[in-house]
Amino acid sequence: MKNGKAPTKKQKIAIKDVGLNPNNWLVSKNLQDELYIVHRETGRLKVIPV
């Protein structure tokens, strides 16, 4: 899996909207309708709608 990148401001808002702390998540893949995020410490993958 690719290394995650720090989320942009829009991505941080999307992460916060689903009830997660954006400081703990990195963006792995950014698609038009989905955002693949990886937890900084555990490596857990989540897919959230954008």
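Is Asn24 buried, exposed or partly exposed? I looked it up: Asn24 is partly exposed, with a relative accessible area of 31%. For that scale, buried means under 20% relative accessible area, exposed means over 50%, and partly exposed is in between, using a 1.4 Å probe and protein chains only.

Ground rules, before I go on. This is a predicted model, where local features need pLDDT of at least 70 and side-chain atom pairs count only at pLDDT 80 or more, while totals for chains, interfaces and linings use all residues. Residues are numbered from 1 along each chain as its sequence is written, and side-chain values use heavy atoms, with hydrogens and water left out.

**Entry: Asn24**

I placed Asn24 in the loop between H1 and E1. Helices (H or I, at least four residues) and strands (E, at least two) are DSSP runs here, numbered from the N terminus. Next I listed contacts, meaning heavy atoms within 4.5 Å. Leaving aside neighbours within four places in sequence, Asn24 touches Val38, His39 and Arg40. Arg40 is 16 residues from Asn24 along the chain, yet their C-alpha atoms are separated by 5.5 Å.

**Entry: the sheet**

I then traced the strands and found an open sheet of three, in the order E1-E2-E3, with antiparallel pairing. Strands E1 (25-30) and E3 (45-49) stand at the edges with a single partner strand each, so one side of each has no neighbour in the sheet. Neighbouring strands are turned by 35° against each other on average, direction ignored. The axes behind that angle are lines fitted to C-alpha atoms (for helices, over the stretch in contact), and angles run from 0 to 180 degrees between N-to-C directions.

Two strands count as paired if DSSP finds at least two bridges between them. E1 and E2 (residues 34-39) pair in the antiparallel sense over five bridges, and they form a hairpin with three residues between them.

Ile37 has Lys46 in E3 as its bridge partner. Their hairpin has five residues between the strands, and Gly43 in the turn has a positive phi of about 80°.

**Entry: helix H1**

Which residues of H1 (residues 9-17) are buried? I get Gln11, Ala14 and Ile15. Seen down the axis of H1, these fall within an arc of 100°, so they line one face of the helix; the arc is that of the directions from the helix axis to the C-beta atoms. Lys9, Lys10, Lys16 and Asp17 are exposed on the other side of H1. The cover over the buried residues of H1 includes E1, E2 and E3. Just after H1, Gly19 takes a positive phi of about 90°.

I took a closer look at Gln11, which is buried with a relative accessible area of 11%. Not counting residues up to four places away in sequence, Gln11 touches Ala6, Val27, Asn30 and Leu35.
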